[in-house]
Every structure is written in C-alpha cells, then in structure tokens.
Amino acid sequence: STLNHLKRRSSALENSQNSQDVFKLALAKKAVELVKSGMVIGLGTGGTSLVIEELGKLIGEGKLKDIVAVGANYHSRLLAKQFGLRTVDLNDVDNIDIVFDGVDEVDFNKNLLKGGEAAHTVQKVVYSMANVCIILAEHTKVVHRLGSKFPVAVEVLPLATSPVSRRLIALGGVPEIRSALRKDGPVITDLGNMIIDVSFPNGIQNPAELEKNINVIPGVVDNGKKQLAFHFLHILRVCSLCYIIC
Ligand code: 5RP
C-alpha cells in the first residue's frame with residue numbers, strides 16, 4: 001500500500017547517506033518535539049513531509065493524541081491522512097497552534113523565498129493564522145541576499161500571464177512561465193493558476209518593497225516572498241548545518 005511504501009521510504013531515508021536528507025530528518029525530529037496533544041498544526045511543503053511522517057509515528061505509538069492538521073497543498077493533506085492525522089480545511093479552524101514549512105531561501109532578516117512547490121499562496125494564509133511558525137532550513141537555504149539562487153515564484157491568473165510578465169520586466173525581473181516536469185505544458189497550481197518564476201540578475205535589493213510591487217500587479221494572486229512577522233523570532237541550530245527558524 002501507499003502507507004507501507006511511505007514507511008519504507010522513511011526508513012530508507014533514515015539510512016540514507018544523502019546529506020540533505022539527513023539534515024531534513026534531523027530538522028523534522030527536532031520540530032515534532034514542539035507538538036503537544038490537541039494542537040492544530042499547519043503543514044507546508046518540502047521537508048514538512050518528514051515532519052508528517054514523524055508525527056505519524058508519535059500518533060501510532062500513542063504519544064500524541066487529537067492532532068488536527070491543515071495542509072497547504074493537496075500533497076501534504078494526503079500524506080497527513082495517510083499517517084493518521086485528522087485533516088480539516090482552513091475555513092474550519094479559527095487559529096493554528098504551530099505551522100511547519102520548508103523554504104527555498106532565507107536571509108538574515110528572516111525574509112523567506114517560497115514557492116518552489118507552487119504552494120506559497122495558501123502557505124501565506126496558513127502562516128497568517130498561526131501562533132508559531134517553524135521554518136526548517138538546511139544550511140544551503142540561508143543566503144545573504146534573497147534571490148541569489150532561486151527566482152521569485154509569482155502565482156498568476158492563466159489569462160494574465162502576458163500583461164503580468166511585462167510588468168515584471170518593468171520591475172527589473174526576467175520572467176519565465178514554469179513548465180511541468182516530465183509533462184508538456186505549464187505547472188498548474190492547486191488553485192488552478194500558473195506560476196511565473198522571476199529572476200533578478202542583480203539580486204533583490206529590497207525584498208519587502210518587491211513583495212508589495214509584485215502583488216499590486218493586476219492578475220497576480222500572490223508571490224513567494226514573505227517576511228516572518230513573529231516578534232519572538234530566533235534561529236535554533238539543530239546540527240552544524242541545519243536550522244530551525246521560529
Ligand atoms: C514551496 C516552498 C519550498 O519549495 C519547499 O518548502 C522547499 O522544500 P525542501 O525542504 O524540500 O527544500 O517554499 O512553496
């Protein structure tokens with residue numbers, strides 16, 4: 001079954017020599033220590049799948065009870081169900097106790113670049129409802145200047161890709177419609193939109209301003225730049241090369 005497959009994948013990962021996977025697993029194990037029975041959990045993407053697997057183990061062992069999960073995309077909702085978490089829709093909860101998410105880049109001012117998995121629009125809503133936000137970041141994700149390695153993901157109404165691209169060029173960006181891997185055609189998000197990846201060859205000088213300037217373009221749903229708004233921000237070094245930013 002899928003569950004057995006996922007469990008085998010989890011234990012294979014635990015034995016893996018791949019350093020990124022080892023870091024992700026270390027982060028996930030540390031992250032679940034923050035979860036208590038009865039909590040409403042927000043689930044993002046990427047390394048979050050290992051958090052879901054670790055939560056599933058604790059639920060299976062009876063160490064955690066009555067966990068309710070809100071997933072930011074179809075994949076995290078499905079995985080949560082498979083690992084025994086009760087999933088609900090965003091509209092069904094007033095508040096989220098703790099959200100876990102991966103990230104594409106994070107700078108030293110806790111500016112995040114999200115959207116590698118095209119789920120950033122819903123993730124930003126999930127963050128806005130959370131008391132605590134835990135970002136799982138391997139050392140490769142920490143950058144001096146946002147936009148160094150990844151483009152800014154912009155979720156766009158499919159009928160507006162041309163006018164939006166022109167406005168993104170005017171902001172100094174180089175836009176490219178994201179194509180689906182191993183399929184012909186563009187990536188379509190869970191919300192039915194397309195993604196324009198915008199690179200900034202000179203780096204992003206002012207991430208907060210860029211986030212606002214992109215989001216006022218008609219046809220843009222949301223972009224992957226986000227500043228963590230929590231005032232109790234700190235960085236926890238989980239191992240020499242991986243961090244929890246919360
Ligand atoms: C999706 C994202 C990132 O692409 C994703 O969370 C990164 O995951 P990983 O931990 O696998 O590198 O922000 O919107």
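## A walk through the predicted fold

Of the 246 residues of the protein, 42% count as buried. Please keep in mind as you read that this is a predicted model. The chain forms seven helices and 14 strands. Among contacts between residues at least 6 apart in sequence, 74% join residues at least 24 apart.

Let us begin with the parallel strands. Strand β1, residues 40-43, runs parallel to β4, residues 96-101, and three bridges join them. Within this pairing, Leu43 stands opposite Phe100 of β4. Strand β4 also runs parallel to β7, residues 130-138, through five bridges, and here Ile96 faces Ala130 in β7. As a reminder, strands of a sheet pair through backbone hydrogen bonds, either parallel or antiparallel.

Strand β8, residues 152-156, pairs with β11 in the antiparallel sense over three bridges, and Glu155 is opposite Asp222 of β11.

Which residues have the most contacts inside the largest nonpolar core? They are Leu55 and Val154, in a core of 56 residues. In soluble globular proteins, nonpolar side chains tend to be buried together. Leaving aside neighbours within four places in sequence, Leu55 is in contact with Val32, Val35, Leu64, Ile67, Phe83 and Leu85.

Leu55 is also among the buried residues of helix α3, a list that includes Leu50, Val51, Ile52 and Gly56. Helix α3 covers residues 48-60, 13 residues in total, and reaches 18 Å from its first C-alpha to its last, close to the 18 Å expected at 1.5 Å a residue. Just after α3, Gly62 takes a positive phi of about 75°.

The loop between α3 and β2 (68-71) holds Leu64. Is Leu64 buried or exposed? With 21 other C-beta atoms within 10 Å, Leu64 is buried, because the cut-off for a buried residue is 20 or more. Not counting residues up to four places away in sequence, Leu64 touches Val35, Ser37, Leu55, Leu58 and Ile59.

Lys110 belongs to the loop between β5 (105-106) and β6 (111-113). With 18 C-beta neighbours inside 10 Å, Lys110 counts as partly exposed. Most residues other than glycine have a negative phi, and most peptide bonds are trans. Asp66 has a positive phi although it is not a glycine, and Lys110 likewise has a positive phi without being a glycine.

The positive phi values are listed here:

| Residue | Phi |
|---|---|
| Gly62 | about 75° |
| Asp66 | about 55° |
| Lys110 | about 60° |

Technical notes: Residues are numbered from 1 along each chain as its sequence is written. This is a predicted model: local features need pLDDT of at least 70, side-chain atom pairs count only at pLDDT 80 or more; totals for chains, interfaces and linings use all residues. Two strands pair if DSSP finds at least two bridges between them. Helices (H or I, at least four residues) and strands (E, at least two) are DSSP runs, numbered from the N terminus. A nonpolar core is a set of buried Ala, Val, Leu, Ile, Met, Phe, Trp, Tyr and Cys residues joined through C-beta atoms within 7 Å. A residue is buried if 20 or more other C-beta atoms lie within 10 Å of its own, exposed if 12 or fewer, and partly exposed in between; C-beta atoms are placed from the backbone. Two residues are in contact if their C-beta atoms, placed from the backbone, lie within 7 Å. The expected span of a helix is 1.5 Å times one less than its number of residues.
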